[in-house]
Amino acid sequence: MNDAGTPSDTGRSDEMMNTLHAAAERDASDVHLVPGYPVTYRVHGRLSPAGDVLTGERCRQLIESILPERMAGRLSASKNIEFSLAINHAGRPCRFRANVYLAQAAWCACLRHVPNEIPSFEWMGFPEGLAQRLLAHANGLVIITGVTGSGK
């Protein structure tokens, strides 16, 4: 167990670790685990399947290998579980927010990569002048929206 209360890398299946490392290598914003489909990565908004089709049992085993100990008993009692996990990838932490859910009597998961750095306005292509005007307001709410995985 690490400081975040998530299982250490050694408690996870090799297949799940390879999947998470592949997500980091591909710069995937999401990893989808759904029975009847291969592991699927969302890379720059496009779904990219990889490997063999997952069975319901294999999908559940992969999910169980990443569940924090404190949540292990909840899988059969809940229909939706959320938690975070981290791996060490290329000497840096690589964090994911996980949503595990029951769909059509099968366990599925979506793991969203959480970037280590907050994107800058420049990186997003946001106009500097507009950013400065928005930051100068003392009151109000500014909402920045975008497509999934855009770094908002």
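## Starting at Leu47

Leu47 touches His32, Thr40, Tyr41 and Arg42, leaving aside residues up to four places away in sequence. This leucine sits in strand S3, in a model that is predicted. Is Leu47 buried or exposed? Its relative accessible area is 52%, and since the cut-off for exposed is over 50%, Leu47 counts as exposed. Val31 is 16 residues away from Leu47 along the chain, and the C-alpha atoms of the two are separated by 9.3 Å.

Of the eight residues of S3, the number buried is zero, so the strand lies largely in the open.

## The neighbour of S3

Strand S3 is joined to S2 by six bridges, and the two strands run antiparallel. One place to look is Thr40, which stands opposite Pro49 in S3. Together S2 and S3 make a hairpin with two residues between them. In its turn, His44 has a positive phi of about 50°.

## The whole chain

Now let us step back. The protein chain has four helices and six strands, and reading along the sequence gives the pattern α-β-β-β-α-β-β-β-α-α. Of its 152 residues, 31% are buried. The accessible surface comes to about 9,500 Å², and carbon and sulfur atoms account for 52% of that. Among contacts between residues at least 6 apart in sequence, 40% join residues at least 24 apart.

## The sheet

In what order do the six strands of the open sheet stand? The order is S3-S2-S1-S6-S5-S4, with antiparallel pairing. Strand S3 (46-53) and S4 stand at the edges with a single partner strand each, so one side of each has no neighbour in the sheet. From one strand to the next, the twist averages 20°.

Further in, S1 and S6 run antiparallel and are joined by four bridges. Here Leu33 stands opposite Ala109 in S6.

## Two helices on the sheet

Helix H1 lies across S1, S2, S3, S4, S5 and S6, and runs at about 75° to S4. Helix H2 also packs on the sheet, where it touches S1, S4, S5 and S6. The direction of H2 makes about 45° with that of S6.

Which residues of H2 (residues 56-66) are buried? They are Cys59, Leu62, Ile63, Ser65 and Ile66. Seen down the axis of H2, these buried residues fall within an arc of 160°, so they line one face of the helix. An α-helix has 3.6 residues a turn, so residues three or four places apart point the same way. The buried residues of H2 pack against helix H1 (14-26) and against strands S1 (30-33), S4 (80-89), S5 (92-103) and S6 (106-114).

In soluble globular proteins, nonpolar side chains tend to be buried together. Here the largest nonpolar core has 29 residues, and those with the most contacts inside it are Leu33, Phe83, Leu85, Phe96, Val100 and Leu111. At least two residues of this core come from each of H1, S1, strand S2 (38-43), H2, S4, S5 and S6.

Residues up to four places away in sequence aside, Leu33 touches Met16, Val39, Leu54, Cys59, Leu62, Ile63, Cys108, Ala109 and Leu111. Among these, Cys59, Leu62 and Ile63 are buried residues of H2, and Ala109 is the residue of S6 that stands opposite Leu33.

Note on methods. Residues numbered from 1 in each chain as written. Predicted model: local features only at pLDDT ≥ 70, side-chain atom pairs only at ≥ 80, totals over all residues. Heavy atoms only, no water. Buried < 20%, exposed > 50% of the residue type's maximum accessible area, 1.4 Å probe, protein only. Arc of directions from axis to C-beta. Contact = heavy atoms within 4.5 Å. Core = buried A, V, L, I, M, F, W, Y, C linked by side-chain atoms within 4.5 Å. Pairing = 2+ DSSP bridges. Axes fitted to C-alpha atoms, helices over the stretch in contact; angles between N-to-C directions. Areas by Shrake-Rupley, 256 points an atom, 1.4 Å probe, with all protein chains shown as cover.
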